[in-house]
Amino acid sequence: MSTRLLTGVLLLSLPFVFLWAQAPGPAPGGPAKGKGKGGGAAKAKQPSRPTPRWPDGHPMLSAPPGEIGYWNSGTGGLTGKNGNNLPTNLENDEVPFMPWAKALYDERRQTQSKDDPHVRCTPPGGPRQFHTPFGLLIYELPEAKRVLILSGGGPRTWRAIYTDGRPHPTDDDFNPTYLGHSVGKWEGDVLVVDSVGYNEKFWFARAGYPHTESLHLTERISRPDFNTLKYEVTVDDPKTYTKPWTGGHYISWVPNQDFEEYFCQDNNRDIDHMVGQLP
Amino acid sequence: MSHSRRSCLLLLFAVLAAAQEGHPLTGTWHGSWGPNATQRTDITFVMKWDGKNITGIINPGFDAMPLQTAVLETKGWAVHFEATAKDGKIVADGKIENVTNVRRSIVGKWTQGGRSGDFKIVRDN
């Protein structure tokens, strides 16, 4: 094959490579492509094992006893339908922003998220924890009646979800925090997590959607098969959005590995790179 | 209302307004106004977005003034403030600079009574 012919074939194949890269990510029934950092997701499509379950039958969101693994967080978003995102997601222009929130969101996008607090190692509140690179573990502690979500990335945050039936603290007792106050319960095979009490010191998603202390999140976490975590969140903040809206994404399982030690604060060079649009 | 009770309420307001990444005006802002670079008067704003309006005070403490008008125009991030001081009405028109940054600022023109000048306030971290 001549060099000219080979070049032509390669050029003709580029659109197909692009389309492949844009193809939907994991869906229940098959492993993910593992496009994010931390890699290691299944390399070839294989039938997934069934959802692991606790003795009482509800899904186990961690590695079964005797195994290791983690969720390959780092990809996915709450809007748009590409990649690992849910096919039910809104497009960006469908998010019901209040005018000030839309203007601020647009500014954050136009300045390429240069002021994202996450880059300065603030904790990833809400859905941000589920698309922060370097892995995620979800451990249910039935005896303690809580679920712990451990982030391998960012400032290596952990978050507690109380499943003992306790209510949220009253307004007088609230001290708004990065991770808020979360209570959860199983509805069939879905862990439904209700969270309030967030401060305004972080962006709850990489895209930069604004929020206020009135933010109320309802997360729905499920494991439709062994290799797939489905994450969906309803965002309700009446001081920022004109009505609640929902988005989410799939996350793939990385078997037979633990995530490595990583701390955002250690040799953090991201800040120097977050300069926005150069003139 | 007694001074102590008013001070407590203002302190509470200031604590409640210690937010950073939400509404662009929410938070505590420090700066000054004056007719030139050497004649400056320190000013502090504490503002909060309640979902419909921006409320707040200027100079929390014994000389606090409630913000009577606080308007944000998102196109160009123009702001307009009005309040009543002991020596006359305050009218300030400015613009938020670097709006995505936690240390954003507002700069513009300030009139108070018969005097006028420029002002700049920077949001606390």
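**View 1. Gly31(B) stands opposite Ile43(B) in strand 2 of chain B.** This close-up, like those that follow, comes from a predicted model. The two strands on show are strand 1 of chain B, residues 27–34, and strand 2 of chain B, residues 41–49. They pair in the antiparallel sense, and seven bridges hold the pairing on record here.

**View 2. Nine strands of chain B form an open sheet.** In general, the strands of a sheet pair through backbone hydrogen bonds, either parallel or antiparallel. Have a look at the edges, too: strand 4 (65–66) and strand 5 (69–73) of chain B each have a single partner strand, so one side of each is left without a neighbour in the sheet.

**View 3. Strand 5 of chain B meets strand 6 of chain B in a hairpin.** How many bridges join strand 5 of chain B to strand 6 of chain B? There are five, and the two strands run antiparallel, with strand 6 covering residues 78–85. Thr69(B) is a handy place to begin, as this residue stands opposite Glu82(B) in strand 6. Four residues lie between the strands of the hairpin, and Gly76(B) takes a positive phi near 85°.

**View 4. Ala101(A) and Leu136(A) have the most contacts inside the largest nonpolar core.** This core has 45 residues. Among the elements of chain A that each supply at least two of its residues are helix 2 (99–110), strand 2 (136–141) and strand 9 (245–255). Which residues does Leu136(A) touch, leaving aside those up to four places away in sequence? They are Tyr70(A), Trp71(A), Ser73(A), Gln129(A), Phe130(A), Ile149(A), Ser151(A) and Gly152(A). A second, separate core of 24 residues includes Ala70(B), Val79(B), Ile90(B) and Ile106(B).

**View 5. Chain A has three helices and nine strands.** Of its 279 residues, 42% count as buried. Among the contacts in chain A with a separation of 6 or more, 61% come from residues 24 or more positions apart.

**View 6. Chain A and chain B meet in a contact of 21 residues from chain A and 14 residues from chain B.** What kinds of residues make up the side of chain A that touches chain B? They divide into nine nonpolar, four polar and eight charged.

Note on methods:
Residues numbered from 1 in each chain as written. Chains lettered and ligands numbered in written order. Predicted model: local features only at pLDDT ≥ 70, side-chain atom pairs only at ≥ 80, totals over all residues. Core = buried A, V, L, I, M, F, W, Y, C linked by C-beta atoms within 7 Å. Buried ≥ 20, exposed ≤ 12 C-beta atoms within 10 Å, placed from the backbone. Contact = placed C-beta atoms within 7 Å. Nonpolar A, V, L, I, M, F, W, Y, C, P; charged D, E, K, R; others polar. Pairing = 2+ DSSP bridges.
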